[in-house]
Structures are given as structure tokens and as C-alpha cells.
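Reader: Could you take me through this structure, starting with how you define the terms you use?

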Amino acid sequence: MSSEWPLWEVFIRSQHGLAHKHVGSLHAPDAGMAIKNARDVYTRRNEGISIWVARSSDIHASSPGDRAALFEPSNDKVYRHPTFFPMPEEVKHI
Amino acid sequence: MPGHGQLFDYLLRLGDNGLVLAQRLGEWVGKGPVLEEDIASTNVGLDLLGQARLWLAYAGEVEARDGKPGRSEDQLAYLRDSAGYRNLLLVEQPNGNYADTIARQFLFDQWHVLLLGQLTLSRDERIAGIAAKAVKEARYHVERSTDWVVRLGDGTELSHGRMQAAIDALWMYTGEMFAVDATERALVDTGIAADAAALEPHWRSAVQAAFDEATLAVPTDSWMQGTRERGGKQGAHTEHLSHMLAVMQSLPRAHPNAQW
């Protein structure tokens with residue numbers, strides 16, 4: 001039966017988290033039940049205050065084979081990191 | 001002023017409903033129709049078990065008020081025979097197929113959420129407090145079981161047929177939920193218990209609304225089991241409860257005071 005139900009990806013926003021984080025996936029016939037199931041499968045231990053679900057088939061991912069082309073060019077561009085600014089002594093916690 | 005015995009009895013009714021239904025739901029563990037549903041229905045069972053512990057622990061304290069040694073929640077759960085149980089006949093009915101389980105849950109949840117809502121207004125602060133905690137859980141339970149009734153009722157021909165058959169088979173156990181006996185009457189009159197009879201019109205309209213959406217027919221009322229002060233609330237149970245208790249109680253009875 002479960003093989004007939006589509007797969008959903010679940011994202012939970014935790015108590016102190018600002019963004020929803022991917023926590024796993026589950027099967028459900030529609031979005032409403034996916035949220036209910038996510039509540040029961042992923043928030044039993046008080047993990048979250050908000051749930052997103054998205055059909056797994058609607059999520060498009062970068063290809064692992066493209067890793068070199070996509071990410072390696074930024075390796076040698078250290079000037080893109082904001083580490084070259086002199087910070088005033090008085091400013092703490094940055 | 002109603003005696004402690006009546007309050008004790010009423011607390012057993014509240015606690016035993018949760019305990020027995022939790023045990024029934026527990027029988028599905030590892031055998032649910034899908035993994036997600038297995039976890040979800042077990043969660044509901046654990047909620048009900050948690051509520052049962054609170055009711056039975058309080059019952060034990062009330063029992064001790066008469067100078068008797070009050071029993072602990074475990075003693076009450078594991079060392080009473082079926083005639084000592086005070087749950088509704090509805091909740092002890094076997095799991096059957098999944099439509100049977102959902103129908104039992106739905107009919108109970110719709111009543112339970114109304115009952116707990118009323119009990120939050122109880123003059124007994126302890127009852128009001130437990131009810132306030134439990135009603136939040138019950139609101140989710142009723143949302144879930146109603147959802148399933150609609151899905152199965154308004155689903156395929158097969159699921160519709162099974163859902164209707166399940167409702168028809170369990171309908172005769174619904175009358176007991178609204179039957180008020182002398183024990184309850186005395187506690188209602190003092191503002192401690194909820195008046196179950198007053199819940200019936202609300203229950204009927206909620207059930208009707210769900211059945212309309214689910215394209216299910218409300219069964220015609222026929223003989224209702226367990227009314228006339230001879231039902232689960234008075235300790236007269238169907239044959240199913242003893243079998244269930246035999247499984248549930250076998251370990252604590254074979255190994256008294258076992259710790260793990």
C-alpha cells in the first residue's frame with residue numbers, strides 16, 4: 001500500500017531555529033496527511049513549532065557530477081570572505 | 001454530598017476508557033497498514049495511557065480517603081478482573097480491520113473531546129486540571145480519526161463498504177456513552193462530573209457532519225448495549241475484555257512487583 005503513496009520531504013522549524021531544516025521523508029496520500037504524519041513521526045519529542053512538507057518529486061537537486069564545475073571555482077577566491085576588514089577594538093562578539 | 005466511593009468509581013470510568021483503548025491500539029504496533037500510521041495510532045494510544053495514569057493515580061488517592069489502603073495506578077491496572085473494570089463497552093471491542101479500529105476511535109474521540117471539555121469546568125480542581133491537559137490531546141485525536149473516516153468513507157467502493165459496516169456494527173455501543181446512572185447523577189448534581197446526557201446532541205451533530213462528508217449513513221437507532229445501568233460502567237462487559245486483560249496482565253500477575 002505504501003508504495004502507492006507518494007513520498008514527501010519534511011522540514012521542521014525547531015524551538016530556537018530560525019529556518020526550517022530537512023529532517024527526513026515519509027509517505028502520505030496528500031499534503032494534509034503528510035503534515036499530520038510528520039507531526040507524529042518527527043515532532044514526538046517536542047522538536048518543532050512549524051512543519052513544511054513538499055513532494056519529493058518537486059525537489060530538484062544539483063548533480064554530484066557537476067560538483068567540480070559548480071563549487072571548485074570559489075575555492076581560490078578568498079577575497080570573497082569578509083575577513084579583510086580591520087575591526088575596531090571596541091566591537092565585541094562579531 | 002456524594003461519597004468517596006462514587007468519585008472513585010467515576011475516576012475508574014475515566015481512567016479505564018483510556019487504559020483499555022490504549023491497550024487495543026497497542027495491539028497494532030508493528031502491524032499498522034503503513035509505517036506512518038503505525039506510529040501515529042501508537043501515539044494516540046500513548047496519549048490515552050498517559051491520561052489513564054493520571055485518572056487512576058487520583059482514583060487510588062480517593063480510595064485512601066476512606067481509610068482503606070489506596071491502590072497504586074499499577075495495582076488498579078494489573079490486578080483487577082474484568083468485572084472490576086469500568087470502561088465503556090465500545091473501547092474494549094476488538095480491533096477488527098482498520099476501518100473497525102478507525103470507527104471505534106472516531107465514535108469515542110467525538111465523545112471524549114466533548115466530555116473532557118465539560119470536565120475542565122469541574123468543581124474538583126484535580127479533575128479540571130487533568131481534563132485541561134487531556135483535552136488538547138483529544139482535539140488532535142478527533143481531528144485524525146475524523147479525517148480517516150472521511151477518507152475511507154469517501155474512498156473506494158471497498159473502503160466505503162468496510163467503513164459503513166464498521167459503523168453499523170459498533171453503533172449499538174454508542175448509547176452507553178450518554179447513559180447517566182445514579183453514580184454519575186450524584187456527581188453531576190454537585191458539579192464534579194460532566195452530564196453525559198447533555199453531550200448527546202453535540203455528539204450527534206458532529207458525527208452527522210463527518211458522515212455527510214464521508215458519504216456514510218448514520219445507522220438507525222436500535223437496541224443500545226450497556227444502558228439501563230448494566231454495562232461497562234457497572235462492570236458488566238462483553239467477552240472481549242477478559243481476553244484482552246489476560247494478555248495485558250499476564251506479566252505483572254506471573255511476576256508480582258517485577259522491576260525492569
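Author: Two strands count as paired if DSSP finds at least two bridges between them. Helices (H or I, at least four residues) and strands (E, at least two) are DSSP runs, numbered from the N terminus. The model is predicted, and local features need pLDDT of at least 70, side-chain atom pairs count only at pLDDT 80 or more, while totals for chains, interfaces and linings use all residues. Residues are numbered from 1 along each chain as its sequence is written, chains are lettered from A and ligands numbered from 1 in the order in which they are written, and side-chain values use heavy atoms, with hydrogens and water left out.

Reader: OK, which residue of β2(A) is the bridge partner of L7(A)?

Author: The partner of L7(A) in β2(A) is H27(A). Strands β1(A) and β2(A) pair in the antiparallel sense over 6 bridges, and a hairpin through 6 residues joins β1(A) to β2(A).

Reader: And what about V10(A), which residue does it bridge to in β3(A)?

Author: In β3(A) the bridge partner of V10(A) is V53(A), while in β2(A) the partner of V10(A) is G24(A). Strand β1 (residues 7–14) of chain A is joined to β3(A) by 7 bridges, and these two strands run antiparallel.

Reader: So what is the strand order of the whole sheet?

Author: The order is β2-β1-β3 (chain A), an open sheet of 3 strands with antiparallel pairing. The edge strands, each pairing on one side only, are β2 (21–27) and β3 (48–55) of chain A. Neighbouring strands of this sheet are turned by 30° against each other on average, direction ignored; axes here are lines fitted to C-alpha atoms, for helices over the stretch in contact, and angles run from 0 to 180 degrees between N-to-C directions.

Reader: Which helix packs on that sheet?

Author: Helix α1 (residues 31–42) of chain A does, touching β1, β2 and β3 of chain A, and its direction makes about 115° with that of β2(A). Contact here means heavy atoms within 4.5 Å.

Reader: Switching to the interface: how many residues does each chain put into the contact?

Author: Chain A gives 13 residues to the contact and chain B gives 12 residues. The two chains bury about 1300 Å² between them, 57% of it on carbon and sulfur atoms, where buried area is the accessible area (1.4 Å probe) that two parts lose on being put together, summed over both. Of the area that chain A buries against chain B, 40% is supplied by M33(A), K36(A) and D40(A), more than any other three residues.

Reader: Now pockets, how much space lies in the largest one?

Author: The largest pocket holds about 820 Å³ of space. On a 1 Å grid over the protein atoms alone, a pocket is an open set of points with protein on both sides within 12 Å along at least five of seven lines, a cavity is a set of points where a 1.4 Å probe fits but cannot get out, and lining residues have an atom within 4 Å of a point. Grid points are joined across faces, edges and corners, and a volume is the space filled by probe spheres set on the points.

Reader: Which lining residues are closest to the centre of that pocket?

Author: Of the 29 residues that line the largest pocket, the closest to its centre are D74(B), A77(B), Y78(B), P252(B) and W260(B). The largest share of this lining, 7 residues, comes from α2(B), and by class the lining divides into 17 nonpolar, 9 polar and 3 charged residues. Here Ala, Val, Leu, Ile, Met, Phe, Trp, Tyr, Cys and Pro count as nonpolar, Asp, Glu, Lys and Arg as charged, and the others, Gly among them, as polar.

Reader: What is the volume of the second largest cavity?

Author: The second largest cavity has a volume of about 70 Å³, and α5(B) supplies the largest share of its lining, 5 residues. That lining divides into 4 nonpolar, 5 polar and 2 charged residues.
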